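Here is a brisk report on the model shown below.

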Amino acid sequence: MLLDETPLFEPSLLQELDWSGNAACFSPPISPSSPGDGLVLRPLCTADFNRGFFKVLSQLTKTGDITPELFVNKFKHMKTTGDYYVVVVEDTNLGQIVATATLITEHKFIHSCAKRGRVEEVVVSDVCRGKQLGKLLVSTLTLLSKKLNCYKITLECAPKNVAFYQKFGYSASDETYMQRRFCD
């Protein structure tokens, strides 16, 4: 199984973000091109399987027993659709993924066949919390959704996290989030 550095999406999308449109404050200042000493923000690649990608995700939720083959097949599917933007923060000194978040774009018939963005799976490794990486990920995906011409971006969060997301211009809607699970 070939695990390589091919990005899930074009890295220039991150490099070309208009950071002046960012709503959150960073102290000290960081950005997608300068996330911190020894850190790189970039698209997910299959080589991240061996860099602790699932170790970070497992701090958020159950990941299951994922083989390299299953990971590569899902990666290829996501890359082919062009609707998935999984970003990671790599600590280059450790060669490990320390944070990740996902933007998914949905194609709609409403709003003149527009796209809607949805932020999912925002997680920062417990060893890297407090370095503003969660803020960086959410700011990056919010600006990316705007660059991709989404008419809106949404996310789901626990009530305790509402104040965090309000820093980026998100607000509670009148809609009620409902779900039906088919497995844990």
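Pro-28 sits in the loop between H1 and E1. In this predicted model, a cis peptide bond joins Ser-27 to Pro-28, with omega at about 5 degrees. Most peptide bonds are trans, and most residues other than glycine have a negative phi. Two residues depart from that phi rule. His-111, which is not a glycine, has a positive phi of about 55 degrees. His-111 belongs to helix H4 (residues 110-113). Glu-121, also a residue other than glycine, has a positive phi near 50 degrees. Glu-121 is part of strand E4 (residues 115-124). Its relative accessible area is 39%, so Glu-121 is partly exposed.

The loop that holds Pro-28 also holds Ala-24, between helix H1 (12-15) and E1. Ala-24 is buried, at a relative accessible area of 10%. What does Ala-24 contact, leaving aside neighbours within four places in sequence? The partners are Lys-135, Ser-139, Lys-167 and Phe-168. Cys-128 is 104 residues from Ala-24 along the chain, and their C-alpha atoms are separated by 19 Å.

Lys-135 also lies over the face of Phe-26, at 4.9 Å from the ring centre. Phe-26 is buried, with 12% relative accessibility.

**Aromatic pairs**

The whole structure contains twelve aromatic pairs. Two of them are tabulated here.

| Pair | Centre to centre | Angle between planes | Type |
|---|---|---|---|
| Trp-19 and Phe-26 | 5.8 Å | 35 degrees | tilted |
| Phe-49 and Phe-54 | 5.9 Å | 70 degrees | edge-to-face |

Why is the pair of Phe-49 and Phe-54 edge-to-face? Their planes are at 70 degrees, and the class takes angles over 60. Both Phe-49 and Phe-54 are buried. They belong to one aromatic cluster together with Phe-53, Phe-71 and Phe-75.

**Core and strands**

Nonpolar side chains tend to be buried together in soluble globular proteins. The largest nonpolar core here has 48 residues. Those with the most contacts inside it are Phe-53, Val-89, Leu-133, Leu-137, Leu-144 and Tyr-170. Helix H5 (residues 133-147) gives the most to this core, namely seven residues.

Not counting residues up to four places away in sequence, Phe-53 touches Leu-44, Asp-48, Phe-71, Val-86, Val-88, Ile-97 and Thr-100.

Strand E1 (residues 39-43) is largely enclosed by the rest of the structure, because four of its five residues are buried. E1 pairs with strand E2 (residues 84-91) in the antiparallel sense, over five bridges. In this pairing, Pro-43 stands opposite Val-87 in E2.

**Cysteines**

How many disulfides are there? The count is zero. The sulfur of Cys-113 has its closest cysteine sulfur in Cys-150, 14 Å away, which is too far for a bond; the cut-off is 2.5 Å. Cys-150 is likewise in no disulfide, since the nearest cysteine sulfur is that of Cys-113. Are these two residues buried or exposed? Cys-113 is exposed, at a relative accessible area of 56%. Cys-150 counts as buried, at 14% relative accessibility.

Definitions and conventions. Residues are numbered from 1 along each chain as its sequence is written. This is a predicted model: local features need pLDDT of at least 70, side-chain atom pairs count only at pLDDT 80 or more; totals for chains, interfaces and linings use all residues. Side-chain values use heavy atoms; hydrogens and water are left out. Buried means under 20% relative accessible area, exposed over 50%, partly exposed in between (1.4 Å probe, protein chains only). Helices (H or I, at least four residues) and strands (E, at least two) are DSSP runs, numbered from the N terminus. Two strands pair if DSSP finds at least two bridges between them. A nonpolar core is a set of buried Ala, Val, Leu, Ile, Met, Phe, Trp, Tyr and Cys residues joined through side-chain atoms within 4.5 Å. Contact means heavy atoms within 4.5 Å. Rings of Phe, Tyr and Trp (its six-membered ring) pair if their centres lie within 6.5 Å; planes under 30 degrees apart count as stacked, over 60 as edge-to-face and the rest as tilted. A charge sits over a ring if NZ of Lys or CZ of Arg is within 6 Å of the ring centre and within 35 degrees of the ring normal.
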